Amino acid sequence: MRVILFGPPGSGKGTQAGLIGKKYRLPTISTGDILRRAVSRGTPLGRQAEALMKQGSLVSDEIVAGLVREAISTKEARRGYVLDGYPRTVPQAEMLERMDGRRSETAIEILVGQEALIKRLAGRRVCSLCQAVTNLEVNPPRLPGLCDSCGGTLEQRSDDRPEVIRERLRVFETQMVPLRDHYRKRKAYGSVSGEGTPAEVFGRMTGLLDPLLEGLDKGRQG
Ligand code: AP5
Ligand code: MG
């Protein structure tokens, strides 16, 4: 089974992907995280992606497909996987089906109002060492500026500046309807409200996923 999470910037895809992965023991694949790692390592691919990410634009379908192909062909991903932020466009969805078309899938859209999104993104901080994500408003660190898990310095993502947030939201708006229609046509679409605490949202997620994923451990094809 492949679980696809999509939704606007700040809707909680990364947060929920982590919780889903832990509960159902599935690896999570975040194209945003993979790209940020490439940027911070200064790899050729990272150098190509950096300028686009900084301005809130999408990286090319071909680059992202290459990253996903690699991530889904690992041994850990054999039972299934959770995709965070991929696919974002219909061509990406079609590429994914060509890469791994026999697997069943469900695409869950996380719905959150714009005001909450902007607040969440403004308050998000990421640990420079362990990459844990926190939020100054919802879950402030015990020691200001330091990660609760490892003591690393908390930083703001470079694309969480207001003008870049606006562009990311605009890009999402243009892709959302065709992507939603694509998964509706395939009868693989679901949505949950992303408002409320992360635990409340996760409760809605498991309401959708439990019936779909309970067969996984009985050795059925994922
Ligand atoms: P990506 O990293 O995927 O960014 P995004 O889609 O803009 O989403 P975010 O990571 O900002 O938000 P999220 O939904 O994961 O929310 P989170 O859980 O962190 O992509 C970045 C860039 O990479 C793109 O702009 C593009 O350039 C490139 N890229 C990536 N994938 C690509 C693709 N497929 N094709 C082309 N280009 C691609 O939560 C946000 C904050 O809110 C956190 O602080 C969190 O603690 C908090 N929070 C979470 N849940 C709640 C809750 N229920 N209540 C209150 N606060 C909450
Ligand atoms: Mg994310």
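Against which elements do the buried residues of α5 pack? The structure examined here is a predicted model, in which local features need pLDDT of at least 70, side-chain atom pairs count only at pLDDT 80 or more, and totals for chains, interfaces and linings use all residues. Residues are numbered from 1 along each chain as its sequence is written, chains are lettered from A and ligands numbered from 1 in the order in which they are written, and side-chain values use heavy atoms, with hydrogens and water left out.

To take the opening question, the buried residues of α5 pack against β1, α4 (61–72), β3, β4 and α7 (162–185). Helices (H or I, at least four residues) and strands (E, at least two) are DSSP runs, numbered from the N terminus. Helix α5 spans residues 90–99, and its buried residues are Val90, Gln92, Ala93, Met95, Leu96 and Glu97; buried means under 20% relative accessible area, exposed over 50%, and partly exposed in between (1.4 Å probe, protein chains only).

Helix α4 meets α5 with axes that come within 11 Å and cross at roughly 35 degrees. Axes here are lines fitted to C-alpha atoms, for helices over the stretch in contact, and angles run from 0 to 180 degrees between N-to-C directions. From α4, the contact involves Asp61, Glu62, Ala65, Val68, Arg69 and Ile72, while α5 contributes Pro91, Gln92, Met95, Leu96 and Met99; contact means heavy atoms within 4.5 Å.

Now to the sheet. Its 5 strands form an open sheet in the order β2-β3-β1-β4-β8, with parallel pairing, where two strands pair if DSSP finds at least two bridges between them. The edge strands, each pairing on one side only, are β2 (28–30) and β8 (189–193). Strand β1 (residues 2–6) pairs with β4 (residues 105–111) in the parallel sense over 5 bridges.

Arg2 lies in strand β1 and stands opposite Glu105 in β4. Is this arginine buried or exposed? Arg2 is buried, with a relative accessible area of 0%. Its side chain makes a polar contact with the side chain of Tyr81 (2.9 Å); a polar contact is a pair of N or O atoms within 3.5 Å, where, within protein, one must be able to donate a hydrogen and the other to accept it, and residues adjacent in sequence count only if both atoms are side-chain atoms. A polar atom of the Arg2 side chain also lies 3.2 Å from the backbone oxygen of Asp100.
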